[in-house]
Amino acid sequence: MNQNAQKKIACIQRRAPHGSVFAAEGLDLALVAATFDHEVTLVFMDDGVFQLLKNQAPERALGMRDFCRALGALPQYGCEQVLAERESLNARNVAAADFLIAATVVERAELLEVLAAQDCVIDF
């Protein structure tokens, strides 16, 4: 097996954007993997869908850096497949119109098919 072969990697963002390092670390991993020419799918589900919301101001409210603005750099890194799970959005009353970036809203069944096709799935 070629060690340098492109891998299909899914990074699942399940946690709220602020209050822990998990969300920022997941985004960092996705950007690094994309930098090394892996095919990265970034998935937002559960409380991770809150990372997609625009107009967050954690620096003002929490004294934290707003890493979510880095989501806008995803296409520059070649990470163009961004998915949001419909069931998670509905359960949290989050609408795609409120997203900071473009993301494809998918049903859980479709998301499971996408994840099954990955070489590696990393959950944050």
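These legends describe several close-up views of a predicted model. Local features are taken where pLDDT is at least 70 and side-chain atom pairs where pLDDT is 80 or more, while totals for chains, interfaces and linings use all residues. Residues are numbered from 1 along each chain as its sequence is written, and side-chain values use heavy atoms, with hydrogens and water left out.

**View 1. The largest nonpolar core has 22 residues.** A nonpolar core is a set of buried Ala, Val, Leu, Ile, Met, Phe, Trp, Tyr and Cys residues joined through side-chain atoms within 4.5 Å, where buried means under 20% relative accessible area, exposed over 50% and partly exposed in between (1.4 Å probe, protein chains only). The members that touch the most others are Leu42, Phe44, Leu52, Leu71, Leu74 and Phe99. At least two residues each come from β1 (8–13), α1 (22–35), β2 (39–44) and β3 (81–85), and α1 gives the most, with five; helices (H or I, at least four residues) and strands (E, at least two) are DSSP runs numbered from the N terminus.

**View 2. Leu71 and its contacts.** Beyond its neighbours within four places in sequence, Leu71 is in contact (heavy atoms within 4.5 Å) with Leu27, Leu42, Phe44, Gln51, Leu52, Leu100 and Ile101.

**View 3. Helix α4 (residues 108–116) has buried residues and exposed ones.** Leu111, Val114 and Leu115 are buried, and because the buried residues fall within an arc of 95° seen down the axis of α4, they line one face of the helix; the arc is that of the directions from the helix axis to the C-beta atoms. Ala109, Leu112, Glu113 and Ala116, on the other side of α4, are exposed. The cover over the buried residues of α4 includes β1, β2, β3, β4 (104–106) and β5 (120–123).

**View 4. A salt bridge joins Arg14 and Asp46.** A salt bridge is a side-chain nitrogen of Lys or Arg within 4 Å of a carboxyl oxygen of Asp or Glu, and here the N to O distance is 2.6 Å. Arg14 lies in the loop between β1 and α1 and Asp46 in the loop between β2 and α2 (58–61), so the pair ties together parts that are 32 residues apart in sequence. Arg14, Asp46 and Asp123 are linked in a network of salt bridges.

**View 5. A salt bridge joins Asp47 and Arg92.** The side chains meet at 2.7 Å, N to O, and the pair links Asp47, in the loop between β2 and α2, with Arg92, in the loop between α3 (86–91) and β4, 45 residues apart.
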